[in-house]
Amino acid sequence: MLHLLQKPLEAPKPSRRTFLKMSAGAVGGLIIAAKMPNAAKAAADAGEFVQPFVHIRPDNTVVVLSKHLDKGQGTANGLATLVADELDASHEQILLELAPSNPQLYANSLFGVQGTGGSTAMPNAFMQYRQAGAAAKAMVVSAAAKEWGVPAGEITVSGGVVSHSSGKSATLGELAGLAANEDVPAEPALKTPDQWVYIGKSFPRKDVKNKTVGAPNTYTIDFNREGMLTATVARSPRFGGTVKSFDATEAKKVAGVVDIFQIPNGVAVVAESTWPAIKARDLLEIEWDDSAAETRSTDAMMTELKDMTTKPGLKVREDGDVDAALDASAKVMEIDYDFPFLAHGAMEPLDIVGEFDGETAQFWFGSQIPTIDHNVASTILGIPFEKVSINTLWAGGSFGRRAQGDAHPVSEISFLLKAMREAGMDPRPVKIVWTREDDMAGGYYRPMSAHKIKVGLDGDGNVTAVKYNIAAKSIIKGTAFEPMLMPNGVDHNMTEGASDTTYSFPMMNMDQAFQETPVPVLWWRSVGHTHTAYVMETMIDRIAKETGKDPVALRLELLKDDPRKTNVLKLAAEKAGWDTPLPEGRHRGVAVHKSFGSYVAEVVEISFREDGTVKVEKVTAAVDCGVPVNPDNIRAQVEGGIGYGLGAILRNQVTLSDGYVEETNFDTYESLRISDMPEIDVHIVASTEAPTGIGEPGTPPIGPAVANAIAAAKDEWITSLPFTKAGLV
Amino acid sequence: MSVTLKINGETRTLDADPESPLLWALRDELGMTGTKFGCGIASCGACTVHWDGMPIRSCQTMVGDLEGAEITTIEGVNGKAAKAVQEAWNELDVPQCGYCQSGQIMAATALLTDTPKPTDEDIDAAMDGNVCRCATYARIRKAIHAAADKMEA
């Protein structure tokens, strides 16, 4: 039989109050250790050292718990690098684990809640994890000093071995239980950079082995619980649609189907395993109520956006009377740009496992903002926050997709668990699996946007003023993040990378306008920089072309107040041989951009195939992300960030036809492939500045660098993305 | 319907819907989750396994067609090429999120078994069906060359 909720419910959104309540745990400085709760005491008695970020086990393994979701960006290993260095552990003995939801212990100090995003993992945790490692070391040393009857100052630790000149020595594991009973030092002494053994050098990723042997229980989709069911959900094919009625007669006949439930955002098919859940869902007959749905095509939505850029909007930046300055200019260049919706397309489609016995609930998934997920589950299930556990699993990519402000996966599974319980089912765990089509046609896209810029030049070719109008759906407006991120009603996520440019224009004004649509939008690797960097960096090349200047030279001229950007630009240009002649058929382009505190310059070399399509042959990148904690991972992230951005600008877009998504899988949303991948050479600046993120900053410069190379070759400026529209792919 | 086949050298009997893709039979019936679901339409390669040594997409291979087949998955792949590939993948820290890498390794192993010293063009041809959204392709290419060197040594 079918179990229908009386009325489809609106999924609760975390309010401003709950958001502030959630944030409370973060007040009071960085947590590096905790006083011994009962569990830690019991562990100590069993010879184990248990602190929030570091566990040392009697078997001599050292577990470093990452408070951040690792979705491939190497954060768990990066944080372990910090602990291993300060603790002087060996690389071999380190194990990586992801911490569960606990805003008191694991808040992102830049967000106030537990969450991963904005390339903030390393910047917010650099001191905290070093202190956690140093505190553990101090406790181990103190325990050894007492045990051996020698002064603590005479004890050394190296490669996981604790020793004294008397010949006494022990492993970290042997001392773990004793160390656990030591007082946690309030301010443990940190190493000076010259004492680092791993930071800035090498600490190969500890998660690679599992990922090369198909190890079990790595990702959510692999996670299994005794008696677990699998569910698929039929969601409205148009954004904002709801179920009017449905007939599950045929679906229920599929062997393995357990039951079918209506939940607020669709119809859930619950089965004994995945295949019947997929097969039966196809047999559902659902009539959708589209009265509140988006029924436009993306073409119509773009027309609206373009129109918005012709009118005054919200002031993001206002240096002066830009219209007067443009009127007084010798020449005004006016350029319109448009960017499509983009899907994240993480290799592992969304998924989540949950169970609920009426009093407690547990979830397992790649939770990117656990504090919000935790609150939403607690609210929907009507049980206290403390009765909900969220266990974080490794994620097969995210690129922003798992950082939902509305917590929709945990919301959906909570409603399903509740419906199963209300129907009198035994409390079995259930896993909701998204197919690729569910994931790709499910929205939460990088917003489509229109940009209009006007650049004034004086008689000598100097910029007089820049007027910039942007229109898009705001990612932030209407979410729990609005109070924190839009204090004056301005969405800086939309304009970052443009309104805060360090190019020294005499005057720049920027207005924004918000499109309203039920299509959910979200952060996509590098967020606003995905489009602003493209506009700003191709604009600079157009100015260079117009004024007969070299693109690198013009940038250096305009960046005189930005030494770090200047530095990476010079480094990339030098390493790429910017001033040297190119082989026949090759063309260069350059872009430099700062995002998330990190500076990246990229010089590309392109050629054209016989059919006229563009091939990116080589990318030379220079990066300044402060202290390079793990140089090889920085290179990996820049390589991957370039590939991710390149695939998007070449041929990715999500379009709607009468509100229906047209690209629903990798056959139509064509990913970058190995044959598209350029050779990439990454140069890292040896900086002593505080470390900044690297998951995203490699992405923004690649699009404009390639566009600039195409323009250098053909004098053709691509202003409507992706490049397939220009016949270049 | 019951189908008998060999998986990683062991005879197994699958009692499954003949229309069920091998992928889900491996993952849900046999609990072998190393083979991944990526697209379900043979467009991404995450589900690559070997059938008599040939790389195939298990999401588009139906259980009903597999009577007597010999299937190898990431859990069971071995031999000189597989070992060299897995070693090279570890030495070069190829994976990022890692989700596609079972499929990449199965495809690379099949390539090197067939072509022990592949050119870049051979690599493009053999590996273009395997999507990596983290874009670890530059390292995949290097690792395949490194694995080829290992096999020669």
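In this predicted model, the count of salt bridges between domain 1 of chain B and domain 2 of chain B is zero. The area buried between domain 1 of chain B and domain 2 of chain B is about 890 Å², and 56% of it lies on carbon and sulfur atoms. According to the domain assignment, domain 1 of chain B covers residues 1–70 and domain 2 of chain B covers residues 78–150, with their C-alpha centres lying 21 Å apart.

Between the chains, 54 residues of chain A are in contact with 48 residues of chain B. Chain A and chain B bury about 4300 Å² between them, with carbon and sulfur atoms giving 55% of this area. Within chain A, the residues that lose the most area to chain B are Trp275(A), Met347(A) and Ile674(A), which together make up 20% of what that side buries. Six salt bridges are found across the interface of chain A and chain B, and in one salt bridge the side chain of Glu19(B) meets that of Lys279(A), with an N to O distance of 3.5 Å. The same interface holds 33 residue pairs in polar contact, again with both residues at pLDDT 80 or more. Several helices of chain A, namely α7 (208–212), α9 (274–282), α14 (436–440) and α20 (631–651), each supply at least two residues of the side that touches chain B, and α20(A) gives the most, with eight residues.

Chain A also contains an open sheet of four strands, in which the order is β23-β24-β25-β28 and the pairing is mixed. Its edge strands, each pairing on one side only, are β23 (587–595) and β28 (679–684) of chain A, and neighbouring strands are turned by 15 degrees against each other on average, when direction is ignored. Helix α19 (residues 563–576) of chain A packs on this sheet and touches β23, β24, β25 (614–624) and β28 of chain A, its direction making about 30 degrees with that of β24(A). The pairing of β23(A) with β24 (residues 598–608) of chain A is antiparallel and extends over nine bridges, and Ser595(A) stands opposite Ser598(A) in β24(A).

Note on methods:
Residues are numbered from 1 along each chain as its sequence is written. Chains are lettered from A and ligands numbered from 1 in the order in which they are written. This is a predicted model: local features need pLDDT of at least 70, side-chain atom pairs count only at pLDDT 80 or more; totals for chains, interfaces and linings use all residues. Side-chain values use heavy atoms; hydrogens and water are left out. Two strands pair if DSSP finds at least two bridges between them. Axes are lines fitted to C-alpha atoms, for helices over the stretch in contact, and angles run from 0 to 180 degrees between N-to-C directions. Contact means heavy atoms within 4.5 Å. Domain bounds come from an automatic or database domain assignment. Buried area is the accessible area (1.4 Å probe) that two parts lose on being put together, summed over both. A salt bridge is a side-chain nitrogen of Lys or Arg within 4 Å of a carboxyl oxygen of Asp or Glu. A polar contact is a pair of N or O atoms within 3.5 Å; within protein, one must be able to donate a hydrogen and the other to accept it, and residues adjacent in sequence count only if both atoms are side-chain atoms.
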